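Here is a short briefing on two residues and their surroundings. Please read it alongside the sequence and the structure.

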Amino acid sequence: MDGDGEDRPVEIKKLISEITQKPENSVVAKRIKRSEGPFFQFLYFMHKLITLIFTGKKVNFGNYSCLTKKDVATLSSKASLWSSYSGTVKKYLKVLNEVESIRGKRYYGPSKMSLFRLFIHSFSIIAVFKYQVLFRSAIIVIVLKYLNIYLSFNFIFFQILIIIFCIIIFLVSTREKKEDLINSQNNLNSIKDITH
């Protein structure tokens with residue numbers, strides 16, 4: 001869980017209850033109610049839609065989860081974990097249980113998630129599925145090419161957008177570095193520094 005209050009501690013009971021009833025499957029907290037304004041909610045909807053179109057996956061959860069020991073072992077060796085937790089979970093864990101989660105109130109200060117960082121976050125999730133994105137994009141581009149022939153509307157602009165999108169996804173996927181994941185404990189030079 002994140003430590004900023006948005007993942008409500010009260011929901012830990014729901015996660016534990018679910019994994020106790022079905023101990024073979026990890027559990028994720030599916031966000032059912034958000035507190036952001038309409039612009040952010042629209043962007044979040046578009047992110048989920050684009051993710052579904054280009055990956056075939058519905059990623060409707062974040063970090064808040066309760067994993068089995070087996071699934072931790074599976075995920076811990078995946079380089080994409082360094083770039084996107086939720087994307088990696090969705091790709092490599094075939095069966096997931098869900099509990100409903102309401103976004104909590106931040107303990108302190110506004111979110112540091114700028115619009116730019118929000119886009120990078122979204123692209124990072126999609127980049128975990130980069131080869132599926134490439135395959136689906138190729139199909140869409142081919143379909144649009146045939147539509148160009150049979151319809152009077154020119155789809156070249158959309159084809160170019162899809163190609164640019166694929167390039168961005170593959171650039172973002174370079175963040176997936178196994179050595180950074182393995183050496184991530186080096187980010188915590190001293191626990192004392194954090195607590196003071």
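The side chain of Ser-124 reaches the backbone oxygen of Ile-120 at 2.7 Å. The model is predicted. Ser-124 lies in helix α5, which spans residues 115-127. Thr-51 belongs to helix α2, residues 38-55.

**Polar contacts of Ser-124**
- The Ser-124 side chain also makes a polar contact of 3.4 Å with the side chain of Arg-175.
- The distance to the backbone oxygen of Ile-120 is 2.7 Å.

**Burial**
- Ser-124 has a relative accessible area of 1%. It counts as buried because that value is under the 20% cut-off.
- Thr-51 has a relative accessibility of 1%. Thr-51 is therefore buried by the cut-off of under 20%.

**Surroundings of Ser-124**
- Beyond its neighbours within four places in sequence, Ser-124 is in contact with Ser-83, Ser-84, Val-172 and Arg-175.
- Thr-174 is 50 residues from Ser-124 in sequence. In space, the C-alpha to C-alpha separation of Ser-124 and Thr-174 is 9.7 Å.

**Surroundings of Thr-51**
- Setting aside neighbours within four places in sequence, Thr-51 is in contact with Gly-56, Lys-57, Val-59 and Ile-126.

Key:
Residues numbered from 1 in each chain as written. Predicted model: local features only at pLDDT ≥ 70, side-chain atom pairs only at ≥ 80, totals over all residues. Heavy atoms only, no water. Helix = DSSP H or I, 4+ residues; strand = E, 2+ residues; numbered from the N terminus. Buried < 20%, exposed > 50% of the residue type's maximum accessible area, 1.4 Å probe, protein only. Contact = heavy atoms within 4.5 Å. Polar contact = N/O pair within 3.5 Å; in protein donor to acceptor, adjacent residues only side chain to side chain.
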